[in-house]
Amino acid sequence: MRNPPLLDVAIRRRQGSFDLDIRFQAPIQGITALFGRSGSGKSSVINAIAGLAKPDAGHIRLDGTVLFDSAQGIDVPAERRRTGYVFQDSRLFPHMTVVNNLLYGMRRVPERERRISLDPVVELLGIGALLTRKPHTLSGGERQRVAVGRALLAQPRILLMDEPLASLDAERKAEILPYIERLRDELNIPIVFVSHSVDEVVRLATTLVLMADGRVTATGTVADLSVRLDVGAILGGQEVGAVLDTVVASHDAATGLTALTFPGGTLTVPQLDLGIGQHLRVRIQARDVILALEPPSRISVHNMLAGRIVELGAESGPSRDVKIDLGGSFLLARVTRHSVERLELGVGTPVFALVKSVAFDRVFPGPSGSGSGSGPGPGGRNIAL
Amino acid sequence: MLTPLEIEALSLSLWVATWSTLAVLPFAILVALVLARADFWGKSLFDGIIHMPLVLPPVVIGYLLLVTLGTRGPIGSWLLETFGIRLIFTSTGASVAAGVMAFPLMVRAIRLSVEAIDGGLEAAARTLGAGPIDRFLTITLPLMLPGILSGAVLAFAASLGEFGATITFVSNIPGETRTLPLAIYTATQTPDGDLEAARLVALSFTLSLGALILSEYLGRRVRRMMGRP
């Protein structure tokens, strides 16, 4: 029996006084995000996967191929690992034109093993007008797009991205994010993405690996981890909130509303310009959720979701985060400590969650791969309901 | 315009400087790479020895060359017996003397350019499938080019002006080892040689200026090629 393709990392490495001890397994479909503060060891992990930094011990396996195994004495040199690496600072070769940069890796791959060719990549990344230029004449965003193209054309088994957006301003980020989404959705190349930005991670990631101080603190899907009260604080701070992967179920022209379904309920939102069946990831911040013990009548809020409290978070100041099971999905609500006492909220209490607003982070493809593939969705919008 | 003697001194100088520069270049690149990239026991001593010609009196270098490369010196006698190459009192020997003197200058210029290369570019080339030799030829060497060029120009100019080691090692033979500086020296030692000396000085001046302008021009071309405005 064949196991599902997996990125399997278990490495230890000592760098001065910093101790890296990383273990995680992630399905290689989609984007795996290594998420944590700077200094948590994220970059060290992808350098180890790329073969640019040698772990002291452990193993790195990619879809059954051993890249590194200290016990077996295997250490495939970086130049033979076929990992496409997009560096934070792009690292384009200054003495070559854009097109020669793009072809650098591809020329070093035997012809019969080339699956990705120049033209589609140039088209995908919108860099056709830059081909004859030298890197120093490009803007930061253009440079990063070329760097992505160069890594892709090296026919990688996996694409590693080390904060590829960190050196860009918000506008450039917005320019390049859709391209990364297209990589994920159209090329079906596994991506490991390092980030310390919640927005990026929520928008892009399929699997999340949370890191702190050289350790993995949690691994899971974005939706799962977003409602983990122990790690939620790392993920969101003030903006802690549940991520729900929804499907566009219906549009109602008369009311101008769109229904989004997810396991355990339906959200009604102002009409979205999306086809029925499209997938949409939404984020509902804990502070935008109101809890009621009885269904309130005569209230303007549309979205009232019945559920049951499964966990109460630690007290932080005057408020507490409450996790609600909607029957398949979870929601977080931030309520005051006083309300918890007043309403006698506890594990098992049936409640009604009233959702005040929803943030749309992105359109993403369905698990069947039947997704939109239409590129960027209504990214980052926050809509009051 | 130029007398046959002046043409002789000029062409000999150019010949000596060209060959000394070309012959020394590969070694200078190698040593510059070692000094910039490698770490080994005794590195500072090695560095010091490389820089000796800069700090020692040129006469001392000439003397050392004479002792080792002269016909009775350990290397000199071997060269003579095995290949029939005689360095002493020959223009080839003059190139060797000039090359040895110019070597540290060239190493320094190239070393600076190696140290200026962002190691990240080579790491990027690795992830793109380039092995060590491939990386050196396609990334490191092209990026060293500005340093190699300025090192070569510097060495060429220094070789044009080399005097002390040359006169000690290969003496002052017209048509064989009498380069421009030696010809100027000879003229100043000759009664009524003042005009000749002045003419040779003017020639020397023009030559150096020409080399400088050429190096500026090439430098700009190379920098543009390297993608630096």
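A: Let's start with a term: helices (H or I, at least four residues) and strands (E, at least two) are DSSP runs, numbered from the N terminus. This is a predicted model, where local features need pLDDT of at least 70, side-chain atom pairs count only at pLDDT 80 or more, and totals for chains, interfaces and linings use all residues. Residues are numbered from 1 along each chain as its sequence is written, while chains are lettered from A and ligands numbered from 1 in the order in which they are written.

Q: How much of residues 136–158 of chain B is helix, and how much is strand?

A: That span is 100% helix and 0% strand, with its end C-alpha atoms 29 Å apart. Residues 48–71 of chain B are 83% helix and 0% strand, and there the end C-alpha atoms lie 28 Å apart. Both spans are among those that an unreviewed UniProt entry lists as "transmembrane region"; such annotations may be inferred rather than shown by experiment.

Q: How do I read a sheet, and what is the strand order in chain A?

A: Strands of a sheet pair through backbone hydrogen bonds, either parallel or antiparallel. Two strands count as paired if DSSP finds at least two bridges between them. In chain A, 5 strands form an open antiparallel sheet, ordered S16-S20-S17-S18-S19. Its edges are S16 (289–292) and S19 (330–336), each pairing on one side only.

Q: How many bridges join S18 of chain A to S19(A)?

A: There are 7, and the two strands run antiparallel. Among the partners, A:Val322 is bridged to A:Ala333 in S19(A).
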